[in-house]
Amino acid sequence: MRKKEYSDYRSVIADSWDRCIAWGLDHDHEPTPLVPESARLEEINRKYSELLSVTEAEVLPYYRNVLSNSRCLILLADQHATVLNSWGDERITETRLKPWFQTGANWQEQNCGTNAIGTSIAVGAPVQIQRNEHFLKTNRSIIGSAAPIFDAHRQIAGVLSVFSDAYLPQAHTLGMVRLLSQSVENRLINRQFGPDHFQITLNTTADNFDSPWSGILLCDDSGRVIASNQRADQLLGINTVGTRLEELFTGRRNHILGHPETENLQLTTRSKVRLSARIKRPTRVVDNNAENGPLPLSDEGRHSDEFLGIDKLEYGDSAVKRCAAQSLKVLQRGLPVLITGETGVGKEVLVKALHRASPRKDQPLVAVNCAAIPPELVESELFGYEAGAFTGARAQGSLGFIRKAHKGILFLDEIGEMPLSAQSRLLRVLQERLVTPVGSTDSVPVDILLVTATNRPLGSRIENGHFRADLYYRINGLCVELPALRDRADRLLLIQTLYSRYRDPGQSEQLSPKVLSALENHPWPGNIRQLVNVLRVAIAIADGEDVQVWHLPEDFLAEFETSLGGESDQNIPQPSVPGIEAEPEDTLARTLRVYQKCTGNVSQAARELAISRNTLYKRLRELGVR
């Protein structure tokens, strides 16, 4: 810990002790925990249902995967320091302290002295309280770390804390609770604002967008920031809520919001800081003709899959061609289509192409990922709800995805993840063509074409009781399966076409036989989605030069080597491309691969390559590595 950080840390403890003394506490004070009545517990669960469900979704996987072998207890408290729920090992502390870790217990400083939850609320920042730093002696058998959870208006919505009776690594525990609280904060903001607004994810590099430490901006289609997280304010140096994109970045609003979702975007702040960004459009799709509809894509979005026609889905693969042709014919007759296939094979791209080729191309296409909606919200999101239907409902109610798709196409992705309660309601809608919003007794007629998709067989879901057989036969008007990339007959031409779409202007129009060979013979577990990412990374690393094998991502090369069973790149089969002769083994490519495999150990790499260290240094200089 640096000197200034240590000084600030000691100041937090000292200031807290001063407050405890001012409140009249002494070190021997033993507060009595309140035992809440059942009515109070019900009120807590009702009032904080969203915070509880979001926190549980973030905390439980982390606890199971990382902390299950540690003696610690995770607590969620509200903004007033009242415990809402706990997860973990309740044996961490003495029996007399157990009531303090139950729902309803209150950890405010004026009652419990210096402690992780109460002090974190008092200072509005993450804190860690060691054993003897607790003001009350009764709490000195535990160590606590806590971090506040802020809402979109920078108000404390709750506190997440970790208590232990063991000396866990201080920095690790405090960092962990900060990470979890930031994850909860991000999810709360996304759940509240994400469906109706553009989301801009910011970070210093493009490979960290999935990190909880990414900045998040939620803005409307005019470019005004409606909500953001703390990290976004840190990256941009100001309080971003209420500002407009033109005030934050040098680029135009249309260029930013119109950028393809599948492509990363480089943004420059007004203070000349370059950031990587990713755009996500509202998931509640409105009529394409509406004034507040999606902005047109910028010129840089010309390569997005949103501009693929139904005739551009394949380049000679009969299975894909048959899927597209049959799906369009069936959909035009008003019958449902079920699309199956592995993750990343292009199910959503096919749906977009079907929509553009259908008579309903001028009507909305509403895409819903059933796996991304919390189970308890699926019914209200799909079927809509009346004003005041439940706690936290919008005052004006909600149409729901199905009614928003009226006269258009409803696409339910990952349909197998839909809860059974929602399945029964969906079946009734498909049978009667009527929607009854949550909290209402009135039904509304709807006219929709239905397309569903799944990446795993629904038969097994039906057998284990997780999917209704009658719904399956209702959505399965035509079932088509998109082939995996490794099974496509047009794989080579598809690779070349995608490369041509994304390549830099100065790069060769054709990939070299060596690169084509590596790409064509890869197992592609992530299918077309993975292929696009690999190509774009290689093109970016090549930076205007022709793409070579060593420009391909390391994880891609590792997957490829595994698929060959350990064979070297000398044995990569050459692709049969008319008019292109196979080139000899690329010595520099092999050198780079071995050098990376040896994690930069020159002596080890030289031995494996059977060359001298001087020769290896010469090759690495040619590669620009050393």
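1. Have a look at the aromatic cluster in this predicted model: Trp100, Phe101, Trp107 and Phe163 make it up. Phe101 sits in the loop between strand E2 (83-88) and helix H4 (109-112), while Phe163 belongs to strand E5 (residues 156-164), so the two are 62 residues apart and the pair links distant parts of the chain.

2. The structure has 6 aromatic pairs. Another of them is Trp17 with Phe135, also edge-to-face, at 5.2 Å centre to centre and 85 degrees between the planes. Because Trp17 is in helix H1 (residues 3-22) and Phe135 in the loop between strands E3 (127-129) and E4 (143-150), this pair ties together parts 118 residues apart in sequence. Phe135 is buried at 1% relative accessibility, whereas Trp17, at 24%, counts as partly exposed.

3. Now for the largest nonpolar core, which has 29 residues; Ile402, Leu410, Leu412, Met418 and Leu426 touch the most other members. Elements giving at least two residues each include strands E12 (365-369) and E13 (409-413) and helix H14 (420-432). The largest share, 5 residues, is from H14.

4. What does Leu410 contact beyond its neighbours within four places in sequence? Its partners include Val366, Val368, Phe401, Ile402 and Ile448. There is also a second, separate core of 27 residues, with Tyr502, Ile528, Ala538 and Ala589 among them.

5. One last thing to check: the charged end of Arg425 sits over the Phe383 ring, 4.6 Å from its centre.

How values were computed
Residues are numbered from 1 along each chain as its sequence is written. This is a predicted model: local features need pLDDT of at least 70, side-chain atom pairs count only at pLDDT 80 or more; totals for chains, interfaces and linings use all residues. Side-chain values use heavy atoms; hydrogens and water are left out. A nonpolar core is a set of buried Ala, Val, Leu, Ile, Met, Phe, Trp, Tyr and Cys residues joined through side-chain atoms within 4.5 Å. Buried means under 20% relative accessible area, exposed over 50%, partly exposed in between (1.4 Å probe, protein chains only). Helices (H or I, at least four residues) and strands (E, at least two) are DSSP runs, numbered from the N terminus. Contact means heavy atoms within 4.5 Å. Rings of Phe, Tyr and Trp (its six-membered ring) pair if their centres lie within 6.5 Å; planes under 30 degrees apart count as stacked, over 60 as edge-to-face and the rest as tilted. A charge sits over a ring if NZ of Lys or CZ of Arg is within 6 Å of the ring centre and within 35 degrees of the ring normal.
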